[in-house]
Amino acid sequence: RKPGKGAFFGTDLDARLKSLGVKSLLFTGVTTEVCVQTTMREANDRGFECLLVEDATESYFPEFKAATLAMITAQNGIVGWTASAADVVAAMK
């Protein structure tokens, strides 16, 4: 159960991921500007490398999604990076 907008708040997600040795996370879901961005920021603050899959997340408002993608990658990836699903798949091959 997720008690807030982010997946880390009030949960043991951080401990679970760290116990598995996870260092990098891919982000997908809805909405880009609320739950996805909040979780990504929480993960970044906890030291995870973060990548949002651009075409695997969505918003009710296209301009909110565009603004979120710009905020994530601002200042040389202050919160993380973004890429298309095709680029993620190609990088994993």
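Predicted model: local features only at pLDDT ≥ 70, side-chain atom pairs only at ≥ 80, totals over all residues.
**View 1. Three strands line up side by side in an open sheet.** The strand order is S1-S2-S3, and the pairing is parallel. Strand S1 (24–30) and strand S3 (81–83) are the edge strands, as each pairs on one side only. On average, neighbouring strands of this sheet are turned by 30 degrees against each other, direction ignored. If sheets are new to you, keep in mind that strands of a sheet pair through backbone hydrogen bonds, either parallel or antiparallel.

**View 2. Bridges join the strands of the sheet.** Look between S1 and S2 to find six bridges; here Phe27 has Leu52 in S2 as its bridge partner. Strand S2 (residues 49–58) is joined to S3 by three bridges. Along this second pair, Leu51 stands opposite Trp81 in S3, and Val53 stands opposite Ala83 in S3. Helix H4 (residues 85–92) packs on the sheet, where this helix touches S1, S2 and S3. The direction of H4 makes about 135 degrees with that of S2.

View 3. Follow the chain through S1, H2 and S2, and you trace a right-handed β-α-β unit. From S2, the chain then crosses through helix H3 (residues 62–77) to S3, in a β-α-β crossover that is right-handed.

**View 4. Thr32 sits in helix H2 (residues 32–45).** Is Thr32 buried or exposed? Thr32 counts as buried because its relative accessible area is 0%, and the cut-off for buried is under 20%. Leaving aside neighbours within four places in sequence, Thr32 has contacts that include Gln37, Leu52, Thr57 and Lys65.

Conventions. Residues numbered from 1 in each chain as written. Heavy atoms only, no water. Helix = DSSP H or I, 4+ residues; strand = E, 2+ residues; numbered from the N terminus. Buried < 20%, exposed > 50% of the residue type's maximum accessible area, 1.4 Å probe, protein only. Contact = heavy atoms within 4.5 Å. Pairing = 2+ DSSP bridges. Axes fitted to C-alpha atoms, helices over the stretch in contact; angles between N-to-C directions. Right-handed = clockwise from strand over helix to strand, strands pointing away.
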